[in-house]
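Please read the following points alongside the sequence and the coordinates.

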Amino acid sequence: MLGVLAGMTPRDIDVVLYDDRMENIPFDEKTDLVAITVETYTARRAYEISEEYRRRGVPVIMGGMHPTLMPDETAQFADSVFIGDAETKWAEVIEDIRRGKLKSIYNAPPGIAQIGGVLPRRDLFEGKGYLPMALMQYSRGCRFACNFCAVSQYFDKKDYVRRIDEVLHEIVDHGRKFIFFVDDNIASDKQALKELCRELIPLKIKWFSQASLDVTRDGELMKLMMDSGCVGNVTGFESITRASLRDAKKSPNISGFSNYEKEVRVLREHGMQTWAAFTLGYDSDTYESILETLDFALENRFTFAAFNILMPYPNTPLYRKLEQEGRLLYDGKWWLHPEYRFNQAAFVPKNMTADELTEVSHEARKRFNSIPSLIHRFSDFRTNMKTLWSIASYWKYTTLFRNEVYQKHRMRFGLK
C-alpha cells in the first residue's frame, strides 16, 4: 500500500520508505509528514515510531487495517487517522499537508485497489532485502464471514476486483516472472479469477496467492489456475474437525466435510505446492487434537504449513465473544501489552491452559519444520519434486521458514 500511495504522490514531493524490520529509521532526517501503515501485530511498535517523530514536531498520519478497526485508540498516538482505503483521498491528504491543515481524521470506504491503474513506486523497495518476487494485487476482501477474521470486518464480507488490463500492464511493466498476489482471497469471486487466469496464460509467469479451499470443487477453475502458472496458494484449512470449523464459521470448508480427502487429492493432482494454514485453540480443541492436526499436515506432505494460535483481533466476532465470557488475557489488548510476546495465546482456551496452547503450537511448528519432516515432505513427486523450479523453491523457502520458527517465537512487539 505504501508503494501505491507513493505512486499517487506528485513528483515534486520527495518520498522515502523505511522498513523498521529491515533497517534503522533516521528519525532526525527532515520531513514534513510521516505516514505509517499499521497492522494489529505492528501497532505497538508503530506507536513508538510515531512518538519519536511527534516529539520532533513532525506530524504523523496512520492508516491500515488496525486504525480502521480501532480509530479511537490510534488517535491517541497520531495527529491524523485514515479510516478505510487511502487511495480515494490521498490527494486530499497531500493538499492539506501542503497548506499545513492536516485533518485529524479521513474516512474513505473500502474499494478497488489502485484506481486508474496507478503503479506503485517499486524503486522504494530496492536494497531492502525483500524476497525476489513481485507483490501485486488483483482483488481485495472476501465474501466469507469467518468469526476470527479482521478482513471480513474491514470489508464487510465483500470483495473488490481490479480491471484485468491494469493488472496485466503492471505485470509486464515490472518484468518479474514470479508473482505473489497479496489478495485476501483471490478465489472469493471465482468468475473473476477465471477471467484473470485466461489472461495470464500467454504471459508464462508463475504465481502464488491466498485462496479458499472451495476452489477444489471447481474443475474448470483448477485447470485454469494450473495452466496460468499458479504453483500453489496459502489455503485456510483452519481445523481438521467439523466442530472447530463450525466454531470458526468457516463455511467454504464445512460443506461436504470429509476430512479433506477430496480437496487434498485435487490439489495434488494439479501439482499445487500448498501452504496449509491452521488455527489452533478453538473451544473443542485439545492438546491431543492439535498434535493430530500436525500429523495430518505431515501425512499429506504439505509444502508449507502454518500452525497459528487463534488470535482475538479487535472488533471481530471472536474478540467480542471472548470479551463477554471474560476469557481475554493481557487486559484485552494483547497487541499493546508489554508482557505479550509473538506466538503466545492471548485468551483462556476451554480444554487447556494458555501456556499449554502456546507450547503445543510451537511444538507443531518445530516438528513440521524439522529436518526429517523436510525430507519426508520433499518426496512428493506430484508437487515438491514436480519440476526443477518446484525443487528449488521448496528448499529455498522451507529453509527460510524453518529459521523463522525460532527467530520469531516470543519476539517482542515494541522496544520499550
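1. Gln273 is in contact (heavy atoms within 4.5 Å) with Phe208, Val231, Gly232, Asn233, Thr303, Thr383, Asn384, Trp389, Ser390, Ser393 and Tyr394, leaving aside its neighbours within four places in sequence. Gln273 is buried, with a relative accessible area of 5%; buried means under 20%, exposed over 50%, and partly exposed in between (1.4 Å probe, protein chains only). Gln273 sits in the loop between helix 12 (261-269) and strand 11.

2. The model is predicted: local features need pLDDT of at least 70, side-chain atom pairs count only at pLDDT 80 or more, and totals for chains, interfaces and linings use all residues. Residues are numbered from 1 along each chain as its sequence is written, and side-chain values use heavy atoms, with hydrogens and water left out.

3. Two of the contacts of Gln273, Phe208 and Gly232, bear on the strands: Phe208 stands opposite Gly232 in strand 10. Strand 9 (residues 206-210) and strand 10 (residues 230-238) run parallel and are joined by 4 bridges. Helices (H or I, at least four residues) and strands (E, at least two) are DSSP runs, numbered from the N terminus, and two strands pair if DSSP finds at least two bridges between them.

4. An open sheet is formed by 6 strands in the order 5-8-9-10-11-12, with parallel pairing. Strand 5 (134-136) and strand 12 (304-309) are at the edges, each with a single partner strand, so one side of each has no neighbour in the sheet.

5. Trp395 lies in helix 17 (residues 388-408) and is partly exposed, with a relative accessible area of 32%.
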